[in-house]
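Subject: Structure for your review

Dear colleague,

Please find below the structure that I am handing over to you.

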Amino acid sequence: MRAVFIQAFLFYTLCNQALCATTPAKKDKAKASASPALHHTGHAKAVKASASAKVQNSAVAAATAGSWPSHVPNASDMINHQGMPQNASNIFSQAGDIARDNFDYVEDDIFTEANYHPSGTRPASAQISSCRTQGQIAVTYSEGPSDVTAKIVRHLNNFDAKANFFVNASWLYTQQYAMVVQNIYNTGHLIGMTYRVPNDDSSTLTDVEIRDDIVKNAQVVESLIGVSPKYVRLHYTPERDTRTEAILADLGYVLVGYNLDSMDYSHKEAIGPNSIEDVYRGAFVHQKDTYDAMGSFISVQYDIPDTGALNAVPFMVNAINDEGYSMVRMDGCLNDPKPYKKSATTLQYVSDKFSLEQQNYHAGQKPVPSNLLVVETEPNEEDKMFMKGDSGAATAVPSTMTVMLLATLAIVQWIL
């Protein structure tokens with residue numbers, strides 16, 4: 001009888017993790033949870049299908065591929081990620097609580113129901129779309145991390161160049177990707193956040209529900225790097241979500257747009273007219289021809305599979321360097337010495353050792369040697385190491401399945 005009970009308990013527990021789901025939607029969710037790379041692979045296929053849509057005059061073309069809806073952007077996004085499993089979000093909320101215990105807070109700076117001001121019908125919040133200093137460019141990546149992110153960062157590190165990664169918390173319940181974010185942060189790149197409203201529809205939520213969801217997502221990132229993102233990019237929606245923008249502003253987050261679309265969703269060649277390098281050089285030439293001066297840029301790429309972002313890195317850096325521009329983090333771009341929030345629930349901004357005006361802050365890039373202007377086709381051992389933790393990184397959060405299995409074993413041992 002006891003053995004039957006144990007088997008039934010294990011079956012019930014695993015079913016709750018969607019491993020024995022019967023509907024197609026649940027099977028897809030279970031498959032994606034078991035192999036996070038399938039999320040990105042599926043979305044990449046949708047992006048590939050969408051890339052055939054014609055994008056002209058900064059218009060946004062929408063396309064759908066199977067069960068993976070996708071938008072080819074010239075605005076803020078290109079892919080729709082699935083939401084974070086509830087169990088995973090609970091784990092990260094607990095981890096965030098632990099991380100926040102390491103900080104001292106000013107009580108007046110913490111959001112409570114009493115001092116929170118709903119956004120109402122406020123107008124759209126301002127979005128940062130360029131740097132304050134001519135000759136600077138903040139290269140940003142959105143919607144990662146994915147299986148290509150470590151390779152992108154390795155290239156950037158080889159050229160002593162810093163970038164800005166707006167990570168999507170939906171991916172970070174996976175230990176592999178959590179470690180990638182930790183290592184991105186520990187090598188001096190800036191971590192921002194891509195925020196997606198649940199179901200891409202804020203009209204079904206109250207202001208407090210949106211606020212709580214924003215905080216929950218930021219706490220996921222905070223649990224990994226010890227500080228909360230300050231700079232946020234909204235996930236693409238067909239219509240601008242000014243209500244969510246206003247709530248983000250109320251919470252002390254700074255919205256980041258861009259003025260240079262790399263078009264990496266359609267420009268996938270390493271060199272030539274269908275390359276990201278060509279997009280960058282074209283933007284720089286147009287700026288000079290039009291204004292007879294250097295400009296300042298915030299560019300956008302998507303560090304997901306099946307875009308041109310990975311192959312473009314050495315050629316992009318080479319183009320930036322050839323035209324005399326300097327790659328900067330968002331804090332250098334905006335002359336902001338405090339580019340993070342102390343926590344997801346506070347208005348207090350803080351710096352870290354890599355921030356502007358700190359000893360380890362770095363801007364600029366090295367010239368790219370001709371022998372490195374190549375497209376890699378084989379995996380690199382450094383990329384594998386980049387996905388592993390090190391002594392300087394925060395403790396990685398265990399996967400939901402690991403926690404579930406440990407809990408199950410503990411209960412079974414208790415029964416026996």
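The model is predicted, so to speak of its local features a pLDDT of at least 70 is needed, side-chain atom pairs count only at pLDDT 80 or more, and totals for chains, interfaces and linings use all residues. Residues are numbered from 1 along each chain as its sequence is written, and side-chain values use heavy atoms, with hydrogens and water left out.

**The chain**

The chain has 13 helices and 13 strands; helices (H or I, at least four residues) and strands (E, at least two) are DSSP runs, numbered from the N terminus. Of its 416 residues, 52% count as buried, where buried means under 20% relative accessible area, exposed over 50% and partly exposed in between (1.4 Å probe, protein chains only). Among contacts (heavy atoms within 4.5 Å) with a separation of 6 or more, 79% join residues 24 or more positions apart.

**Helices α7 and α8**

Two packed helices are described by the angle between their axes and the distance between the axes. The axes of α7 and α8 come within 10 Å and cross at roughly 60°; axes are lines fitted to C-alpha atoms, for helices over the stretch in contact, and angles run from 0 to 180 degrees between N-to-C directions. That angle makes α7 oblique to α8, given that angles under 35 degrees count as roughly parallel, over 145 as roughly antiparallel, 65 to 115 as roughly perpendicular and the rest as oblique. The crossing is right-handed, a term used if the near helix is turned clockwise from the far one by less than a right angle, anticlockwise being left-handed. Asp 207, Ile 210, Arg 211 and Ile 214 of α7 meet Arg 243, Thr 244, Ile 247 and Leu 248 of α8. By class, these residues divide into 4 nonpolar, 1 polar and 3 charged (Ala, Val, Leu, Ile, Met, Phe, Trp, Tyr, Cys and Pro count as nonpolar, Asp, Glu, Lys and Arg as charged, and the others, Gly among them, as polar).

Helix α8 spans residues 242-250, and its buried residues are Thr 244, Glu 245, Ala 246, Ile 247, Leu 248 and Asp 250. They pack against β5 (190-195), α7 (207-225), β7 (231-234) and β8 (254-255). Gly 252, with a positive phi near 90°, follows α8.

Leu 248 of α8 is buried, with a relative accessible area of 0%. Beyond residues up to four places away in sequence, Leu 248 touches Ile 214, Val 232, Leu 234, Tyr 253 and Leu 255. Its C-alpha atom is separated by 8.9 Å from that of Ser 125, 123 residues apart along the chain.

**Helices α9 and α10**

The axes of α9 (residues 276-291) and α10 (residues 309-322) come within 8 Å and cross at roughly 25°, and the two helices are therefore roughly parallel to each other. Their crossing is right-handed. The residues in contact include Tyr 280 and Phe 284 of α9 and Phe 315 and Met 316 of α10. By class, this contact has 9 nonpolar, 1 polar and 3 charged residues.

Glu 277 lies in α9 and counts as buried, at 12% relative accessibility. Leaving aside residues up to four places away in sequence, Glu 277 touches Ala 270, Ile 271, Phe 315 and Ala 319.

Yours sincerely
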